[in-house]
Amino acid sequence: MSWVYLELIASPFFTGRSMTTELSQNYDPAKVETKWYSAWEENGCFEGNIDSGKEPFTIMIPPPNVTGVLHMGHVLDNALQDIFVRRARLEGKSALWFPGTDHASIATQVKVEKALRDKGTSRQELGREKFLERAWEWSEDHGGVIFNQLRKLGASCDWRRSRFTMDDAYQRSVQHAFVELYKRGYIYRGKRLVNWCPASQTALSNEEVDMRPQKGKLYKMRYEIVEEPGRFLEISTTRPETIMGDTGVAVHPDDERYADLVGKHCWRPFPKAEIPIVADRAVEKEFGTGVLKVTPAHDQVDFDIGKRHDLPLIDVMNPDGTLNDLAGDEFDGMDRFDARKAAVAKLESLNLLVEAEDYDNNVGFSERAGVPIEPRLSEQWYLKYPRVEEAKRAVEKGIIRFHPKRWEKVYLHWLNNIQDWCISRQLWWGQRIPAWYRKGADRSDPENWHISVDGPEDTDNWEQDEDVLDTWASSNLWPFATFGWPSDDPKVRAELDYFYPTSMLVTGFDIIFFWVARMIMSGLELTGEAKEPLSDEELDSRIPFKDIFIHGLIRDSKGRKMSKSLGNSPDPLDLIEKFGADGLRFGIINIAPSGSDILFSEERIEIGRNFCTKLWNACRFRQMSGDVSGNASLDAILERLAETPLEGYSNWILFRMLETTQEIENQFERFEMHQLTHSLHRFFWGDFCDWYVEAAKAMLQSKDDPRHGVALAVSDFVIRQSLLLLHPVMPFITEELWQAMGFSEDGAFIQESQLPKAADLRQAMVSRGVAVDEAGAQRIEEVNGLISQARAIKAEYNVASKRDVTLFVSPADDSSTLIVSENLDTIKKLAGAATIELRKEVENLPGAVSALGTVYLDLTSAIDVEAEKERLSKELEKLGKAIQAGEGKLNNASFIEKAPPAVVEGARKQLAETKAKREEVARLLESF
RNA sequence: GCGCGGGUAGCUCAGUUGGUUAGAGCAACUGGUUUACACCCAGUAGGUCGUAGGUUCGAGUCCUAUCCCGCGCACCA
């Protein structure tokens with residue numbers, strides 16, 4: 001990799017002849033981040049290519065909206081993906097993170113239309129062609145912004161491959177899928193009630209409708225019986241504006257109150273008409289008066305009733321939500337909500353309104369436009385979902401796995417209640433439906449259809465469907481259409497062969513229905529022949545991904561959704577400036593629990609920035625302690641350790657390093673990312689910096705100390721492994737330190753190294769005669785306990801800063817004497833004592849008890865006897881309780897009998913230790 | 001109505017198949033410039049794990065009931 005090296009020494013940061021650089025006092029993320037990102041990109045670090053010698057690892061980015069800008073949700077989603085991808089590279093896999101953007105049909109069109117309105121024009125005025133030109137301009141002006149933002153975050157996507165769902169090739173894939181699904185009988189055209197958005201004037205799928213609680217009125221009114229003038233039926237409705245579309249009145253067949261009226265008629269008040277009274281089981285007897293007005297053209301239930309009783313459909317509304325001439329002259333052109341008021345007034349004037357009571361109900365709203373949905377009769381394209389059963393089976397059998405597993409249920413529940421999907425949209429920005437109709441002919445007759453990717457040859461006599469496809473109907477092909485599916489091109493086939501099924505998907509739970517489930521179904525159907533059923537092996541090769549990592553949504557610290565209007569949505573770029581990209585990444589991963597909501601506040605991610613500083617300074621300290629040559633490989637470091645036996649603390653920290661390596665390995669295997677940063681933080685900061693480095697300071701005092709070299713080599717070993725473990729989370733700073741600390745071989749990037757697994761690491765150590773010993777590590781934990789007690793007793797007497805104190809230690813037994821003596825200078829250093837004397841008996845001095853023995857503080861001045869007595873009494877009480885619990889347990893015959901021997905043994909040991917401790921504390925107390 | 005998740009220290013959360021005296025970060029308090037780091041170091045305090053039962057030698061962890069909070073799906077006009 002000497003070309004990398006040449007380039008780096010040419011940069012101002014690499015001044016000397018040495019590979020390594022001296023670290024500045026403070027970590028400057030901005031400088032490091034831009035430098036390394038361009039170096040990585042220029043050297044093709046993120047390119048995912050077929051490498052038959054390596055296991056593939058593929059992630060498809062959930063494509064952000066082409067005109068979108070980076071928000072906190074993206075930060076979390078993409079930081080996670082980057083962590084998985086970078087980890088895969090360090091594990092020696094051929095990793096591909098495939099980026100791209102989505103055209104977001106309705107969202108983008110709404111934005112472009114708003115821009116047009118601001119300029120005093122409209123899409124209708126411009127016409128389709130001009131409008132699309134504007135939309136393309138818009139997406140080009142705003143597109144790509146998010147890619148640069150993702151770069152700032154450190155995302156290691158293979159940018160060469162970037163796809164946009166409106167690319168010609170992608171559009172062709174979408175059209176091909178449409179044609180194929182049509183041929184296989186899954187796509188059809190149907191006339192039925194759809195969720196109509198009067199604002200965007202398009203049909204929507206069920207998933208795009210939000211049910212929102214509304215405070216409205218329930219109007220009770222009277223319809224006169226035609227056959228029995230003077231007799232009235234009382235009917236309740238929330239929507240009087242649809243009276244004009246009523247074509248019947250329904251009661252329950254078992255409802256005795258109205259049994260004699262079934263088959264008769266009543267008067268629709270306006271426009272005045274006779275409508276039949278029918279009996280239908282869809283009516284709830286208990287609700288209101290038990291009489292339902294039936295408006296088949298404006299309500300799903302009514303539509304079904306109308307069908308059963310052959311009632312006519314009268315559509316009284318225009319696409320924009322105003323009423324039409326069928327509603328009568330006085331309502332024609334009136335907005336639906338004005339019409340509601342007008343209809344009520346008219347009922348009142350006709351003396352037909354009985355009452356209007358306050359009423360809470362749920363109304364469907366257009367997710368995008370935020371206006372109430374209008375059920376509307378229209379002809380649309382529908383998809384009968386393919387492979388529903390197999391999509392369920394894939395998850396039930398664990399061929400696809402959700403992490404956390406509980407999202408399976410959400411997914412399965414949705415699939416169990418699935419309904420056909422309305423995929424056509426009356427929009428212009430999007431993929432036009434590849435269907436043509438014979439000009440002037442009846443469009444509802446399939447005889448007059450032409451469905452193909454290329455369209456009819458005889459273009460004069462055919463016209464293409466004006467509509468476009470739902471965005472999700474194109475993005476559900478993302479895992480394979482991005483590669484160029486379908487194609488006979490050997491390159492495309494080879495890539496699909498190698499990278500598909502992809503390894504995993506990382507996304508939020510909010511799009512499990514919209515996207516995840518649909519990708520699974522389309523993958524199962526389209527990536528192979530139309531055969532039934534599919535075997536498990538076929539499922540295995542057709543699924544779009546094997547593991548689905550579901551994370552939560554980011555909210556503000558009060559749990560509110562982030563939104564522009566609330567102003568509680570921080571700009572990630574500001575945060576990167578403030579905390580560094582690595583700091584932000586570490587911080588956001590650290591607060592992302594496995595639940596569904598993530599409460600964000602800047603305070604909570606400071607830990608990331610602080611951790612970067614800690615890492616930086618630990619490395620700086622290591623540099624200041626001795627030169628860093630001899631770090632160029634794992635083996636080089638091990639070689640430096642080969643001759644000398646490991647001192648207590650060195651053994652301990654290497655043991656902890658192996659434990660941590662294993663822990664993190666398990667977390668990745670189980671997709672339990674919520675503990676990842678905790679493990680890393682605890683080990684590097686809590687164990688290495690707070691204990692090992694401090695302990696090593698004693699060994700580093702003199703270069704003549706034989707332990708000097710060991711301390712440096714152990715530090716290098718730990719830092720090296722830590723950088724590898726941290727790299728996926730904090731790519732920039734770890735790369736900088738990797739180079740600066742001389743771990744890079746010939747200038748190679750950190751990602752070109754291998755992350756040794758715990759087992760390999762242990763093996764490599766053993767083969768060099770560097771063996772760690774668990775029992776020895778355990779003893780050091782006890783030494784740490786003793787030191788903590790010493791510090792505590794000093795703090796108690798406010799002598800924390802004084803280093804000239806004398807401590808007495810009376811060891812618990814012979815082996816403790818040995819351990820304390822062996823580590824005496826370290827204990828002195830860490831406890832902050834000038835001298836430590838081992839004594840059997842000490843009287844009249846404040847002391848604290850640890851597993852290794854009692855530590856006393858030698859005070860020349862008088863001590864506060866009362867305070868000391870109180871403290872010891874409190875301690876005694878605490879120990880008494882513990883002993884009581886322990887004895888209770890051990891005196892219990894069934895505990896001895898039934899509990900595993902190891903647990904019983906543990907309890908015995910624990911009790912013995914606690915008893916010894918209590919005796920010691922009691923003795924101390926009496927000595928005053 | 002059906003389903004899912006949660007209720008553990010002031011706050012945000014960990015807590016593997018039930019097994020030592022329930023942890024972390026932040027905040028608080030006390031003290032501290034000791035060979036890196038004040039974005040730091042040392043220490044202290046703070047919890048009857050929502051409530052009530054049950055299973056068990058042993059329950060934060062399993063079961064039942066119940067109360068709160070959040071979310072999803074369905075929806076009666």
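Biologist: Which residue lies over the face of W428?

Modeller: In this predicted model, R123 lies over the face of W428, at 4.8 Å from the ring centre. A second case is R518, which lies over the face of W421 at 3.7 Å from the ring centre.

Biologist: How many aromatic pairs are there?

Modeller: The count comes to 40 aromatic pairs. One of them joins F131 and W428 edge-to-face, with 5.6 Å centre to centre and 70° between the planes. F131 belongs to helix α6 and W428 to the loop between β17 and β18, so the pair ties together parts that are 297 residues apart in sequence.

Biologist: Are F131 and W428 buried or exposed?

Modeller: Both F131 and W428 are buried.

Biologist: Why is the pair of Y385 and W421 stacked?

Modeller: Planes under 30 degrees apart count as stacked. The planes of Y385 and W421 are at 15°, with ring centres 5.6 Å apart, so this pair is stacked. Y385 counts as buried at 7% relative accessibility, and W421 counts as buried at 2%. Ring pairs can also link up: F586, F611, F684, W685, F688 and Y692 form a cluster.

Biologist: Now to empty space. How do I find it?

Modeller: Rolling a probe the size of a water molecule over the atoms shows where empty space is left. Here, the second largest pocket holds about 750 Å³ of space.

Biologist: Which residues lie nearest the centre of the second largest pocket?

Modeller: They are A812, S850, A851, L852 and G853, out of 31 lining residues. Helix α32 gives the largest share of that lining, eight residues. By type, the lining divides into nine nonpolar, 11 polar and 11 charged residues.

Technical notes: Residues numbered from 1 in each chain as written. Chains lettered and ligands numbered in written order. Predicted model: local features only at pLDDT ≥ 70, side-chain atom pairs only at ≥ 80, totals over all residues. Heavy atoms only, no water. 1 Å grid on protein atoms, 1.4 Å probe; cavity = no way out; pocket = protein on both sides within 12 Å on 5 of 7 lines; lining within 4 Å. Points joined across faces, edges and corners; volume = space filled by probe spheres on them. Helix = DSSP H or I, 4+ residues; strand = E, 2+ residues; numbered from the N terminus. Nonpolar A, V, L, I, M, F, W, Y, C, P; charged D, E, K, R; others polar. Phe/Tyr/Trp six-rings, centres within 6.5 Å; stacked < 30°, edge-to-face > 60°. Buried < 20%, exposed > 50% of the residue type's maximum accessible area, 1.4 Å probe, protein only. Lys NZ or Arg CZ within 6 Å of the ring centre and 35° of its normal.
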